[in-house]
Amino acid sequence: MNVPESWLRRLVDPSLTTDELAHLLTMSGLEVESCAPLAPPFDEVVAARVLEVAPHPNADKLSVCKVDAGGQTLSVVCGAPNVRAGMLAPLAKIGARLAGREIKLATMRGVQSQGMLCSARELGLSDDHSGLLELPDGAAPGADVRELLELDDHVFTIKLTPNRADCLSILGVAREVAALARTKMRAPDTAPVPARDEARHPVKISAPEGCGRFTGRVIRGVNAKAPTPDWMRQRLERAGQRSISALVDVTNYVMLELGRPLHVYDLDKLKGAIDVRFGRKGEKVLLLNEQEVEVDESVLCISDHSGAIGLAGIMGGDSTKADSETKNIFLESAFFFPDAIAGRARRWGFASDASHRFERGVDFDNNVDGIERATRLVLEICGGEPGPTDDLVARLPQRKPVSMRVARAQKVLGIPITGEEMADVF
């Protein structure tokens, strides 16, 4: 589990240094395998607005750019194919130190360059050197790039044992930190989003032994072409997720934030009611990874009147996926029993983030929270008119009270922790 420190500290911010926080987690049983800085050290790199781009007089593949570096206009020679007037990009000024080298005033093919416009690779952020790194458009020219992109952030790589599925999310790790450091936690906003439309989509659970709960919501009139906000893309990438599209990114974001896997369907591609049932021998499903699989009676499927359209708790199907032309969506937030998911994906030689969580156990009490959180994000990014949230409960695990004897706990631990302290931690 990759946990960006900046994301974690938005939920819980104890008075601990990065190293102290990593040590606290490790000593509590959440082993921090690594704590890596997001970017190597560099200085004197600022946001620069490209004002003009002109061909280099002596080189076909170079451009001469005038840039606003915050109160000063500089001339910079650039070879990036994506440079254009109006964009914001990192500028390493004269005297900047990048990857052990100092940027100096240079003359390139007879034209003086007063700095260097940078790609992600030149800043040590990734191996991408296909073009300049584009900065958020609202940033002010001259702003320090390290502060602008929060590049002093660290990423904790936490090695979780299979019994700690509760920490397969930023919220789960934040809960742990809050208890350990006795610090208040600020949970993400999961307040109900009022319906503005009466649209619903029917759902049936034919296999309650596999699917105990299915929560869904229709949102009509979304703009699926809307770009994913920079802040969301940044958090996803730092947590190890590639940005795909706004709708898919929202579901991945909620999964990482709350530990709640979601799926988004193109509502207009669904043929009749959704039914959660076990597969039928010989039934085939084309998955989102473009792999066609054959299911049987042991595989829990999501289906409609056309047949199986996805593998429950593992991966959705290609036939109902949301794409850039999608106008109306159906959000799914389901609870699948671990025994119905475990080992199924390995039959076909792949795994998914959803199956990794469901086969270890997902909280069956945050289905509605996941839908509400995703709804709020979809409306902020893509717009739309949400219908009411439908929550179909078929069968859930029993949540029995946990009894613990204070004296027995003190004897096993060898530490005289009081009952009051124990209750506070719980």
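First, the ground rules. This is a predicted model, where local features need pLDDT of at least 70, side-chain atom pairs count only at pLDDT 80 or more, and totals for chains, interfaces and linings use all residues. Residues are numbered from 1 along each chain as its sequence is written, and side-chain values use heavy atoms, without hydrogens and water.

Now the pair. The axes (lines fitted to C-alpha atoms) of helix α2, residues 18-27, and helix α4, residues 170-181, come within 11 Å and cross at roughly 95°. That makes α2 roughly perpendicular to α4 (65 to 115 degrees). Which residues of α2 make the contact? Leu 21, Leu 24 and Leu 25. From α4 come Val 173, Val 177, Leu 180 and Ala 181. Contact means heavy atoms within 4.5 Å. Seven of these residues are nonpolar, with no polar and no charged ones.

Next, helix α10, residues 367-382. It has 16 residues and reaches 22 Å from first C-alpha to last, close to the 22 Å expected at 1.5 Å a residue. Of the 16, 12 are buried, so α10 is largely enclosed by the rest of the structure. Buried means under 20% relative accessible area, with a 1.4 Å probe and protein chains only. Among them are Glu 372 and Arg 373. The buried residues pack against several elements, including β14 and α5. After α10 comes Gly 383, with a positive phi near 70°.

Last, the sheet. It is open, with five strands in the order β13-β16-β19-β20-β21 and mixed pairing. β13 and β21 stand at the edges, each with a single partner strand, so one side of each has no neighbour in the sheet. Strands pair if DSSP finds at least two bridges between them. β13 and β16 run parallel, joined by three bridges.

How values were computed: Axes are lines fitted to C-alpha atoms, for helices over the stretch in contact, and angles run from 0 to 180 degrees between N-to-C directions. Helices (H or I, at least four residues) and strands (E, at least two) are DSSP runs, numbered from the N terminus. Angles under 35 degrees count as roughly parallel, over 145 as roughly antiparallel, 65 to 115 as roughly perpendicular and the rest as oblique. Ala, Val, Leu, Ile, Met, Phe, Trp, Tyr, Cys and Pro count as nonpolar, Asp, Glu, Lys and Arg as charged, and the others, Gly among them, as polar. The expected span of a helix is 1.5 Å times one less than its number of residues. Buried means under 20% relative accessible area, exposed over 50%, partly exposed in between (1.4 Å probe, protein chains only).
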